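Hi,

Here is the structure I promised to pass on. Have a look at it first, and then read my notes below.

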Amino acid sequence: MEIEKNVATPQAQFKLGMKALLPSLAAVAPFGIIGGAITALALKNVLGAAIMSVAVFAGRSQLIGLQLDKDGSPLFVVFAACLIVNLRNLLYGATVAPHFKHLSWKWKFLLAFLLSDQNFAISIPHLIKESRTASAPYRHYFFLGGGLVVWLTWSVTAVLGAALASQVPSNIGLDFVPHLAFIAILVPAIKDFPALAAALVAGVASVALAGLPWSAGLFVGGVSGIIAGMVMESRRAKTIVIEEVS
Amino acid sequence: MSAAHIIVLILGMTAIAFASKFTMIAILGKMDLPAWLGRSLRFVVPSVLTAVVAPAVLVRGGALAVGPSNARLVAALVAGVVAWRTRNMLWTIIAGMAAIWLMLAVGAQ
């Protein structure tokens, strides 16, 4: 019986990553079911919803894009909204990039696809820690294992949700379900006053501009909210500095 | 929805999602994210999602509808409270749908 396990192998890192991401199933699986169902209802096509969920692997942007498409927005508006919602991936990518520097393009493609909120949050402390150990050359296997757990969970539950949605009668007012899902994502994101200011400004501006073509109200509202949040944050930071000085 | 439109949506969304994940991994060391972009990211979800939800809830038939006769507004408020207390998407949707069905049953629009 081995007393101390050697974790400096690809297999061990892969297993550690899978284990570390298993608890995220509790969050990913319900969102997969809901996301797959909303997608199938929007596309009115179960196969399309299944392929979309498995391939896009970015649930929030998928649901936002589908909502705009359903509201009759042109494609460039749909895709622009997806891009804005996905901007945080630039930050994630920049943060994990040093840990994938030594890898081939094939690996970088694969690991980039497997980047998600959950895999990023759990993997980055491990990648940093292992970069100074004997496991360093294999630490991307941790990210691979964790990423596969999240992607497989999302894919299986989204396909299940899409199949279930086709069994639901279409006349029971499910149009509002995407908005309820958005509320469930947005409310926990309002953690402090600057985030609340961002939401309030975005809400007022988007309602005031609701009649504009091309969902322009969404973009002006969204950007105004982001700017309002940043302004309130920098004002708050200045206030704290002044209080500390005086 | 036409098959061609579905294919375009799948290809476009897949390309955008992948590009957002791959870009910084690919160009490592050649460019840093501007500081303002990093600071703005945490406001994207509260701003963009509110900008999607607020008009869908508050604007009915082209006019502002604030009051208890607006079923979607009541349902959104119920869902907001449930989301805040439980942080659970499933409960939020169940509570919101229950509220909207109840409101429609008692004659709200």
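Before anything else, one term: two residues are in contact when they have heavy atoms within 4.5 Å. Keep in mind too that this is a predicted model. It scores ipTM 0.91 and pTM 0.86. Chain B averages a pLDDT of 92, and 98% of its residues score at least 70. Among the elements of that chain, helix α1 (residues 3–26) of chain B has the highest mean pLDDT, 97, while helix α2 (residues 35–40) of chain B has the lowest, 87.

Is Ala17(B) buried or exposed? Its relative accessibility is 0%, and buried means under 20%, so Ala17(B) counts as buried. Leaving aside neighbours within four places in sequence, Ala17(B) touches Val56(A), Ala58(A), Asn86(A) and Asn89(A).

Now for the interface as a whole. On the chain A side 82 residues are in contact with 61 residues of chain B. Together the two chains bury about 6300 Å², with 82% of that on carbon and sulfur atoms. In chain A, the residues that lose the most area to chain B are Leu90(A), Phe176(A) and Leu180(A), together 10% of what that side buries.

As for polar links, eight residue pairs are in polar contact between chain A and chain B, both residues at pLDDT 80 or more. Helix α10 (residues 177–189) of chain A gives the largest share of the side of chain A that touches chain B, with twelve residues. By type, that side divides into 57 nonpolar, 16 polar and nine charged residues.

Within chain A, Arg60(A) and Asp117(A) meet at 3.9 Å, N to O. That pair links distant parts of the chain, helix α4 (residues 59–70) and helix α8 (residues 117–130) of chain A, with the two residues 57 apart. Arg60(A) is partly exposed at 25% relative accessible area, and Asp117(A) is partly exposed at 21%.

Last, a network of salt bridges links Asp192(A), Glu233(A), Arg236(A) and Arg42(B). In it, Asp192(A) pairs with Arg236(A), their closest N and O atoms being 3.6 Å apart. Arg42(B) lies in the loop between α2 and α3 of chain B and Glu233(A) in helix α12 of chain A, so this pair joins two chains. Their side chains meet at 2.8 Å, N to O.

Cheers

How values were computed
Residues are numbered from 1 along each chain as its sequence is written. Chains are lettered from A and ligands numbered from 1 in the order in which they are written. Side-chain values use heavy atoms; hydrogens and water are left out. Buried area is the accessible area (1.4 Å probe) that two parts lose on being put together, summed over both. A salt bridge is a side-chain nitrogen of Lys or Arg within 4 Å of a carboxyl oxygen of Asp or Glu. A polar contact is a pair of N or O atoms within 3.5 Å; within protein, one must be able to donate a hydrogen and the other to accept it, and residues adjacent in sequence count only if both atoms are side-chain atoms. Helices (H or I, at least four residues) and strands (E, at least two) are DSSP runs, numbered from the N terminus. Ala, Val, Leu, Ile, Met, Phe, Trp, Tyr, Cys and Pro count as nonpolar, Asp, Glu, Lys and Arg as charged, and the others, Gly among them, as polar. pLDDT is the predictor's confidence in each residue, from 0 to 100. Buried means under 20% relative accessible area, exposed over 50%, partly exposed in between (1.4 Å probe, protein chains only).
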